[in-house]
Amino acid sequence: MPKQATMDRTSSYFKRNLETAPRKKRIEYLNRKLRGIIQYAYKHSSAIRNKLDSVGLKPQDIQAIKNLEKLPITKKADLVELQKKNPPFGGFEGVPINELRRIYVSPGPIYEPGEKEYDEIAWAQAMVAGGFRPGDIVINTFSYHMVPFAYMVDNSLHRIGCITIPTGVGNTEQQVNILRNLKVNAYCGTPSFLLAIGERAVEMGLDLKKDLHLDVGFVAAEMLPESLRSKLEDMFGMIICQSYGTADIGCLGYECMNKNGMHIPDDKIVEIVDPETGKQLPPGKPGEIVATTFSRVYPLIRFGTGDLSILAEGLCPCGRTSPRLVKILGRVDQVTKVRGLFVHPGQVDEIASKHSQIGKYQVIVSRKEHKDGMTFRAELEEAPPDEGLKEEIEKTIRDIIKLRGEVQFVPAGTIPEGAKKIDDQRTWE
Ligand SMILES: [Zn+2]
């Protein structure tokens with residue numbers, strides 16, 4: 001049995017130089033990498049060449065992150081279309097197909113050129129920030145079929161010096177036995193699958209803290225509500241950090257142990273943009289996550305993830321100087337513009353979370369006499385409502401959405417199961 005990691009998981013010794021470099025140095029580094037990949041991709045990827053040509057730009061017109069605004073955003077749906085016209089990769093590949101090690105297939109279907117040597121450092125940075133250390137014995141429960149993520153995780157664990165057990169998803173009982181027999185101390189997978197493993201282990205009569213040895217968990221590919229995180233951390237007596245990314249472009253954010261947003265890794269450029277104009281937004285404003293990678297195999301430039309987030313620039317106590325994605329607020333297609341301002345489901349949830357009396361809730365957007373109206377409908381857990389509750393919620397709406405909204409209490413059962421968080425009922429006649 002290999003010796004297990006005994007070092008302090010919160011220690012900072014494992015950080016790379018750039019992670020704690022001054023902001024200015026970081027931006028200079030990213031601009032330099034950006035110029036390099038634009039030059040390379042223009043030469044080697046027909047899709048990137050077409051993208052620059054379509055707006056009359058040459059590689060030298062992109063000198064810095066700000067210049068990326070001049071380029072159109074490529075969305076997932078565009079990838080599918082471009083791949084149909086120009087199979088298999090839509091011209092996005094940056095190396096000849098015979099130099100690839102793997103070809104991945106993601107839902108869509110989207111074909112992804114796999115690495116020859118895996119050189120993305122971001123997921124490894126993510127795991128180290130979440131407490132993974134050399135010598136950890138890890139189950140990797142992400143699927144090893146078709147999609148790239150399990151391989152990204154596998155390669156990153158190897159980079160750190162962890163020992164990987166490639167279990168893939170499913171076979172819950174067997175996974176429990178593996179955890180016990182091999183004294184596995186680290187988990188990679190979705191939070192919901194970790195919960196399933198924990199519940200099965202309890203059914204099998206195990207004491208999760210005594211019979212199993214999980215210390216750290218790296219979770220991704222699903223939303224992680226704080227309630228689920230604390231439940232899992234308590235169940236297993238472990239630390240769980242989450243990361244965010246996509247199969248196409250890899251890791252775009254990772255939590256450190258302070259769990260106050262997701263640090264942007266060193267080998268990506270992440271912009272938060274206005275979904276309508278594609279212009280970059282300052283920290284604190286919600287917008288679409290648009291990313292650029294430095295991968296020469298698959299050089300996606302200005303790839304629109306369709307996910308919404310907010311950038312935070314305040315310094316993190318961990319010492320990393322990268323900006324952070326506050327959290328994933330939802331999908332761009334769930335956003336509604338009300339009186340010129342974007343309103344997204346994450347804000348609606350936030351309003352509800354501030355008032356414990358609210359049960360089910362929904363925002364209705366309407367239009368009367370050429371004016372947008374916004375009504376927050378709520379079913380209350382306990383009737384009758386406290387004096388002044390309506391006014392309090394109205395104030396919360398102003399604080400969070402920066403718009404005035406009406407509050408309406410409705411009887412239990414009014415808001416249907418699975419109702420849209422923001423129901424846009426406007427007609428434009
Ligand atoms: Zn941090």
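**Entry 1**

I looked up glutamate 271 and found its bridge partner in β12, which is valine 290. The model is predicted, and I read every value below with that in mind. β11 covers residues 268-273 and pairs with β12 in the antiparallel sense, over 6 bridges. I then checked the other pairing of β12 with β13. These two run antiparallel and are joined by 4 bridges. Alanine 291 stands opposite phenylalanine 303 of β13. How many residues of β12 are buried? I count 7 of 7 for this strand, residues 287-293, so I note β12 as mostly covered.

**Entry 1: the zinc ion**

I listed the donors next. They are Cys256 (SG), His263 (NE2), Cys316 (SG) and Cys318 (SG), and they coordinate the zinc ion at 2.1 to 2.3 Å. Which geometry does the site have? It is tetrahedral, with angles of 105 to 115° among the 4 donor atoms. For reference, the ideal angle for four tetrahedral donors is 109.5 degrees. Along the chain, the donor spacing reads C-x6-H-x52-C-x1-C.

Cysteine 256 sits in the loop between β9 (250-254) and β10 (262-263), while cysteine 318 sits in the loop between β13 (303-312) and β14 (324-331), so the pair ties together parts that are 62 residues apart in sequence. Are these two buried or exposed? Cysteine 256 is buried at a relative accessible area of 1%. Cysteine 318 is buried too, at 15%.

I also looked at lysine 259, in the loop between β9 and β10. Its phi is positive, about 50°, although the residue is not a glycine. Lysine 259 is partly exposed, with a relative accessible area of 28%.

I traced an open sheet of 4 strands. The order is β19-β18-β17-β20, and the pairing is mixed. Its edge strands are β19 (406-409) and β20 (422-424), each pairing on one side only. From one strand to the next the twist averages 25°. β17, residues 358-368, runs parallel to β20, and 3 bridges join them. In that pairing, valine 363 has isoleucine 422 of β20 as its bridge partner.

Which helices pack on the sheet? Helix α9 (residues 345-353) does, touching β17, β18 (371-380) and β20. The direction of α9 makes about 130° with that of β17. Helix α10 (residues 389-401) also packs on the sheet, touching β17, β18 and β19. The direction of α10 makes about 135° with that of β19.

I then compared the helices with each other. Two packed helices are described by the angle between their axes and the distance between the axes. For α9 and α10 I have an angle of about 145°, with the axes 10 Å apart. The crossing of α9 past α10 is right-handed. On the α9 side the contact is made by Gln347, Glu350 and Ile351. On the α10 side it is made by Ile393, Thr396, Ile397, Ile400 and Ile401.

**Entry 2: contacts to alanine 247**

I looked up methionine 152, in helix α5 (residues 149-160). Methionine 152 is buried, with a relative accessible area of 9%. Leaving out residues up to four places away in sequence, methionine 152 touches Tyr118, Trp123, Ala247 and Gly250. How far apart are methionine 152 and alanine 247 in space? The C-alpha to C-alpha distance is 9.1 Å, across 95 residues of sequence.

Serine 106 also touches Ala247. Serine 106 lies in strand β2 (residues 103-106). Serine 106 counts as buried, at 4% relative accessibility.

**Entry 3: backbone checks**

I went through the peptide bonds for cis cases. One joins proline 87 and proline 88, with omega about -5°. Proline 88 is in the loop between α3 (76-85) and β2. Another runs from glycine 108 to proline 109, with omega near -10°. Proline 109 belongs to the loop between β2 and β3 (110-113).

Last, alanine 221. It has a positive phi of about 75° although it is not a glycine. The residue lies in the loop between β7 (216-219) and α8 (226-236). I note alanine 221 as exposed, because its relative accessible area is 65% and the cut-off is over 50%.

Conventions. Residues numbered from 1 in each chain as written. Predicted model: local features only at pLDDT ≥ 70, side-chain atom pairs only at ≥ 80, totals over all residues. Heavy atoms only, no water. Donors = N, O, S within 2.8 Å, 3.2 Å for Na, K, Ca; no water. Tetrahedral: all angles 85-135°; square planar, octahedral: opposite > 155°, others 65-115°. Buried < 20%, exposed > 50% of the residue type's maximum accessible area, 1.4 Å probe, protein only. Pairing = 2+ DSSP bridges. Axes fitted to C-alpha atoms, helices over the stretch in contact; angles between N-to-C directions. Contact = heavy atoms within 4.5 Å. Left-handed = near helix turned anticlockwise from the far one by under 90°.
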